[in-house]
Amino acid sequence: MRRNLQLLISEEFAEKIIPENDSVRLADDMIDKLDLKCLFRTYSSNGRKYATNPRTLLKVLVYANMQGIFSSRDIEKSCKRDINFMWLLNGEKAPNHSEIARFRSQRLSQCKDDIFYQLVNKLAEVKEINYEHLFVDGTKIEANANKYSFVWKKSTNKYEVRLLDKLEKIFAELSIKYMINCKSPEELLNALNERVNFPFVHGRGKRKTELQRDIEQLVELLNRKEKYEKYQSTFSGRNSFSKTDPDATFMHLKEDHMRNAQLKPAYNLQLAVEGEYITGLDISSERSDQLTLIPLIEKMEKNLNRSYIDVTADAGYESEENYTYFERKNQTCYIKPQNYERSKTRKFKNNMALRENMIYDEIKDEYTCQNEKKLRVVYVGKRKSKSGFESEITYYECESCEGCPNKKSCTRAKGNRKISLSKKFIEQRKQSLENIKSPLGILLRTNRSIQSEGAFGVIKENYKFRQFLLRGNKKVSTEITLLAIAYNINKYHHKIQDNRMRTQLHGKLSA
């Protein structure tokens, strides 16, 4: 007769089998130091008692992520076969895959941020994090959604207009046909249903009445209208989403195996790193990095209750909105201008058609092109970004491009050359350029490429995490937060083993 017993590992046996410097011991110790009241509150005091202690279950999930194990079934298997997992369970029954999945998606999703930022503060207590230099970067990770389940906003708008035109036409025809005076197709449908005094027929060899055909046509059109309205509410400022995971947006991914630039459903993962540790993260459905920086910083400050001295990011984050945000907070930002690499090329410097290479008169506020013509201010307007940020735009127009030998290389417009710009943004870009060229800026940019991009390298290559298992923004955020906790504990363990404690930056500040 078989007995279903969990192997109980004594401390004496564990000391012999599990080395003192094993990462499982560090994970166990660090999670024991966390206050998990928020996790225990997710369980009802009146409900059935949990099968496995939530703290133990958290240790199991974190350690599984540390080993690159993400599937609930694989975690269940490890709990029954792996000596380290058995040591973590400490005699408790091994959880099954359903319990693990429910814990991750239902319990942990309610308190993931509290647990993660507690760990960040614990690392700050041991001087591994100083809240000084923050490095931000983003990457796109494929969603667990069908790649052919796309819904495009442009197509939806086109088909919705056609549908509304057809619905209006049918509504008018049926109102006259049945002599019903209604204000909407929905009211007309209710009035037609009241006239039905016979059962509807379906199938082969059945003859539908004219009233049944008209009602079914109206129902089909109204159902399509409801579907398009639901699509429009799901877009939420995006141009696409997936039917199997509506929070996922179709994006270009670097993992393009077919080499055909195919769009795939994905999430934009933003990581903030300091001292090689992930100190902040956010999941976004935005394809562009520009609109993800401020939400990430605000989320971190809300949970940490403090701000960093400076923030370093790559060219993808440059915008007037982001520059203005850091100015208002008196926070230094090191953001590489989008034209920085291009501006160093000979082609850029010799292209006199570019605004950057024109002569500018600050007193008269006008540009002089290569043909000695003046580009003067036409008017000043406002431009609103996708997030609602307003910037002041100055529009210039050349006095005359007629007969200019350089017009073809200067503009494609039939009339005169026109340019538009934000003077404030130009000044902000100039200041950011000075920042990144300073000795500290050079050191920080070097560390950004090492630390933040290095974190993505570990996650994608070492842990082989290239696609989410869960669906929906909330569950996906839980999944990546678990991985970030595991990453930080692993990083702390490696720094202890390599005797690199309390190292924040790589390299030295040049004189």
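In which helix does H493 lie? H493 lies in helix 19.

The model is predicted: local features require pLDDT of at least 70, side-chain atom pairs count only at pLDDT 80 or more, and totals for chains, interfaces and linings use all residues. Residues are numbered from 1 along each chain as its sequence is written, and side-chain values use heavy atoms, with hydrogens and water left out.

View A. Helices are DSSP runs of H or I with at least four residues, strands are runs of E with at least two, and both are numbered from the N terminus. H493 has a relative accessible area of 12% and is therefore buried (buried, under 20%; exposed, over 50%; partly exposed, in between; 1.4 Å probe, protein chains only). Leaving aside neighbours within four places in sequence, H493 is in contact (heavy atoms within 4.5 Å) with N21, D22, S23 and L26.

**View B. The largest nonpolar core.** A nonpolar core is a set of buried Ala, Val, Leu, Ile, Met, Phe, Trp, Tyr and Cys residues joined through side-chain atoms within 4.5 Å. Of the 88 residues in the largest such core, L58, V62, I115, V136 and I489 touch the most other members. Helix 19 (residues 473–497) supplies the largest share, 10 residues. A second, separate core of 22 residues includes L174, Y178, C182 and F241. Beyond four places in sequence, L58 contacts I31, L36, F103, L108, I115 and L482.

**View C. Packing of helix 4 against helix 7.** Helix 4 (residues 54–66) and helix 7 (residues 97–107) pack at about 95°, with axes 11 Å apart; axes are lines fitted to C-alpha atoms over the stretch in contact, and angles run from 0 to 180 degrees between N-to-C directions. The two helices are therefore roughly perpendicular (65 to 115 degrees; under 35 is roughly parallel, over 145 roughly antiparallel, and the rest oblique). Helix 4 contributes P54, L57, L58 and L61 to the contact, and helix 7 contributes E99, I100, F103 and R104. These residues comprise 6 nonpolar, no polar and 2 charged.

**View D. N339 and its partners.** N339 occupies the loop between strand 8 (332–335) and helix 14 (340–343). Its relative accessibility is 11%, so N339 counts as buried. Not counting residues up to four places away in sequence, N339 touches F348, E356 and R429.

**View E. R346 in helix 15 (residues 346–350).** R346 counts as exposed because its relative accessibility is 69%. The C-alpha atoms of R346 and Q67 are 49 Å apart in space, and the two residues are 279 residues apart in sequence.

Note on methods. Nonpolar A, V, L, I, M, F, W, Y, C, P; charged D, E, K, R; others polar.
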